[in-house]
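User: Please take a close look at one part of this model: the contact between its domains. Then go through the salt bridges, with every cut-off stated.

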Amino acid sequence: MKIGFIGLGIMGKPMSKNLLKAGYELIVCDVTKAAVDEVVAAGANRAASPREVAAQTEVIITMLPNSPQVRQVVLGENGLIEAAKAGSVLIDMSSIAPLVSREIAASLAEKGIEMLDAPVSGGEPKAIDATLSIMVGGKKVVYNRLHPVLKAMAASVVLVGDIGAGNVAKLANQIIVALNIAAVSEALVLAAKAGVEPELVYQAIRGGLAGSTVLDAKAPLMLERKFNPGFRIGLHIKDLTNVLETSHELGVPLPLTAAVMEMLQALKADGLAGADHGALVQYYEKLAKVTLAPLA
Ligand code: NAD
């Protein structure tokens, strides 16, 4: 099967390489030439625009930063919609607003083009290992047909519902991760200020009800002062912006998400937009005038 792949960044590059390894023929496109050169060197063919990708393929994957870029690539000038054939499928794997997924799918449907929204969780290491978690929205028949393509990049692929449902699941994921990181930060800073070793508090509680994947992933990095990304604060702000816009549109107040969003905004104002989201602990450290561990 010949697949188009647009958006060869931190995530798209390893994901596209895994599709090549699985034996799929790829036509790739990105505004950054170096990214395209790298994936072409691994065996893909290049196209000059999304339109050209669509002209040569019937399944097209996009892995772009956010809603405006997906709109541009699909519906804009030289976009996919100009050349995509009826019956072809767009799989958008970017994390975007679910309402935008639905709008784009509706425009594509007018031309008989199908769409799945299929955002991922797991970050670059799991993109490299092909062990991502993929949450999918769309028609079951389209999902069933393209399941093997998604499985070539993932450990887990779950159809959550109709179009937009994948991105709703991703927003839920991002709420839970952000609030967990804030809770871990709040708790460990309290321990440090109380004069109790945060590392030992972490060891004492990780097997109990307070234990979580987030605690195990982020507490050690906070204690070692490792704040290189990972998942950047700037990207988490992008996702929580989509969370809050979607929730307000639907009439759902999210007081805790709004509070954590402002903490991330404060860190961005401090120049930390490029740091890992585990750097949220620094917000609490500044308030309490204590650090979890001496800076290395
Ligand atoms: P990135 O910024 O590294 O990559 C985006 C790529 O899209 C870049 O190569 C850029 O040149 C390209 N691009 C932008 N506009 C384009 C256009 N108009 N036409 C063609 N190419 C264009 O981002 P990333 O980290 O790979 O993330 C991609 C998506 O995956 C985002 O929605 C992000 O939230 C999500 N995500 C990221 C992670 C992570 O850990 N990085 C984890 C899960 C999900």
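Analyst: **Domains, their contact and the salt bridges**

Over residues 2–161 the chain is 41% helix and 25% strand, with the end C-alpha atoms 26 Å apart. Helices (H or I, at least four residues) and strands (E, at least two) are DSSP runs, numbered from the N terminus. The model is predicted: local features need pLDDT of at least 70, side-chain atom pairs count only at pLDDT 80 or more, and totals for chains, interfaces and linings use all residues. Residues are numbered from 1 along each chain as its sequence is written, and side-chain values use heavy atoms, with hydrogens and water left out.

The records come next. An unreviewed UniProt entry annotates residues 2–161 as "domain: 6-phosphogluconate dehydrogenase NADP-binding". UniProt, again from an unreviewed entry, places "domain: 3-hydroxyisobutyrate dehydrogenase-like NAD-binding" at residues 164–284. UniProt positions follow the numbering used here, feature names are shortened, and annotations may be inferred rather than shown by experiment. Over residues 164–284 the chain is 70% helix and 0% strand. The end C-alpha atoms of that stretch are 35 Å apart.

The domain assignment gives domain 1 (2–163) and domain 2 (168–288). Such bounds come from an automatic or database domain assignment. The C-alpha centres of domain 1 and domain 2 lie 29 Å apart.

Now the interface. In contact (heavy atoms within 4.5 Å) are 15 residues of domain 1 and 11 residues of domain 2. The area buried between domain 1 and domain 2 is about 960 Å². Carbon and sulfur atoms give 63% of that area. Buried area is the accessible area (1.4 Å probe) that two parts lose on being put together, summed over both.

Salt bridges between domain 1 and domain 2 number zero. A salt bridge is a side-chain nitrogen of Lys or Arg within 4 Å of a carboxyl oxygen of Asp or Glu. Four residue pairs are in polar contact across the interface of domain 1 and domain 2, both residues at pLDDT 80 or more. On the domain 1 side that touches domain 2, helix 5 and strand 7 (120–121) are the elements that give two or more residues. Helix 5 gives the most to that side, with three residues. A polar contact is a pair of N or O atoms within 3.5 Å; within protein, one must be able to donate a hydrogen and the other to accept it, and residues adjacent in sequence count only if both atoms are side-chain atoms.

The salt-bridge rule gives a count of 13. Glu-103 is partly exposed at 43% relative accessibility. Arg-71 is also partly exposed, at 34%. Buried means under 20% relative accessible area, exposed over 50%, and partly exposed in between (1.4 Å probe, protein chains only).

Asp-37 and Lys-33 meet in another salt bridge, 2.9 Å from N to O. They are about one helical turn apart because four residues separate their positions in helix 2 (residues 33–41). Asp-37 is partly exposed at 28%, while Lys-33 is exposed at 57%.

Glu-224 pairs with Lys-226 in a salt bridge, with the closest N and O atoms 3.0 Å apart. Glu-224 is partly exposed at 43%. Lys-226 is partly exposed at 43%. Finally, a network of salt bridges links Lys-13, Lys-17 and Glu-38.
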